[in-house]
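Subject: Structure handover

Hello,

Please find below the structure you are taking over. My notes on it come after.

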Amino acid sequence: MSRSETLYCEMCGSPIVGRPYRAIVDGVEMVLCASCYLKLTRSGRAVPVRERPRRAKAASRQPKRPTRKVSIELLDLVEDYPEIIRRAREAKGWDLRTLAQKLRISETMLRRIEQGKYKPPIDLARRIEKILKIKILEPTELEDEYEAPPPGKLTLGDVVIIRRDED
Ligand SMILES: [Zn+2]
C-alpha cells in the first residue's frame with residue numbers, strides 16, 4: 001500500500017489525514033480517521049488494534065516443524081522368538097495354559113506365538129520377556145524417509161521390515 005494513496009475512514013467515509021487508526025469496531029477491524037477513532041475508543045465501542053494482524057498471521061503461518069533429523073527407534077522381535085519362548089516356558093515347567101494365564105492371553109494365541117504363526121505386539125512381547133526373564137526384543141533403527149534398497153543389497157534391518165509388511 002503506497003503512502004500517497006488516500007485512505008478513507010471506514011466509519012465516516014472522510015479522507016484520512018495523517019496516520020490511519022486501526023480498531024476493532026463491533027468485532028470488525030476498521031481503518032478509522034483520528035476523530036472516529038477517538039470517539040469510538042472513548043465510548044468503548046472500538047478496541048484499538050495494537051499489533052498489525054497481517055504480520056501476526058504471517059508469523060503464525062511459519063512452519064513449526066522441528067529441523068532435527070528424524071529417525072525412529074523401534075523394538076522388533078528377534079528371529080527365533082518362538083523357540084526362545086517355548087524353551088523358557090518349558091524350563092520353568094509351565095504348560096501352555098499356565099503361561100497363557102500369566103500373560104492373560106488365550107492358550108491358542110500362545111500356541112500360535114510359539115509356532116511363529118502369530119507375532120506378538122510389543123507390549124505383549126514385553127510381558128513375555130518379564131515373566132519368562134528372557135530377551136526377545138531388539139532395537140531396530142529406521143530412517144524416517146526410508147527407501148527400499150536395490151535388490152541384492154538387503155540388510156538385516158530390511159529383512160525385518162519386509163517381514164513386518166507381510167503380517
Ligand atoms: Zn471517521
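The protein chain has a mean pLDDT of 81, with 68% of its residues at 70 or more. Over residues 55–59 the pLDDT stays under 50, and the model has 1 contact beyond four places in sequence for that stretch. Where pLDDT is low, the predicted coordinates should not be read in detail.

The helix pair is helix 4 (residues 96–103) and helix 5 (residues 107–114), whose axes come within 8 Å and cross at roughly 105°. Angles of 65 to 115 degrees count as roughly perpendicular, so helix 4 and helix 5 are roughly perpendicular to each other. Helix 4 makes the contact through Leu 96, Arg 97, Leu 99, Ala 100 and Leu 103, while helix 5 contributes Glu 107, Leu 110, Arg 111 and Glu 114. By type, the residues of this contact are 5 nonpolar, no polar and 4 charged.

On the cysteines: Cys 33 is buried, because its relative accessible area is 8% and buried means under 20%. Cys 36 is buried as well, at 4% relative accessibility. The structure holds 0 disulfides.

Lastly, the threonine. Thr 6 sits in the segment before strand 1 (21–25). Its relative accessibility is 44%, so Thr 6 counts as partly exposed. Thr 6 and Ile 16 are 10 residues apart along the chain, and their C-alpha atoms are separated by 6.9 Å.

Regards

Key
Residues numbered from 1 in each chain as written. Predicted model: local features only at pLDDT ≥ 70, side-chain atom pairs only at ≥ 80, totals over all residues. Heavy atoms only, no water. pLDDT = per-residue confidence, 0-100. Contact = heavy atoms within 4.5 Å. Axes fitted to C-alpha atoms, helices over the stretch in contact; angles between N-to-C directions. Helix = DSSP H or I, 4+ residues; strand = E, 2+ residues; numbered from the N terminus. Parallel < 35°, antiparallel > 145°, perpendicular 65-115°, else oblique. Nonpolar A, V, L, I, M, F, W, Y, C, P; charged D, E, K, R; others polar. Buried < 20%, exposed > 50% of the residue type's maximum accessible area, 1.4 Å probe, protein only. Disulfide = S-S within 2.5 Å.
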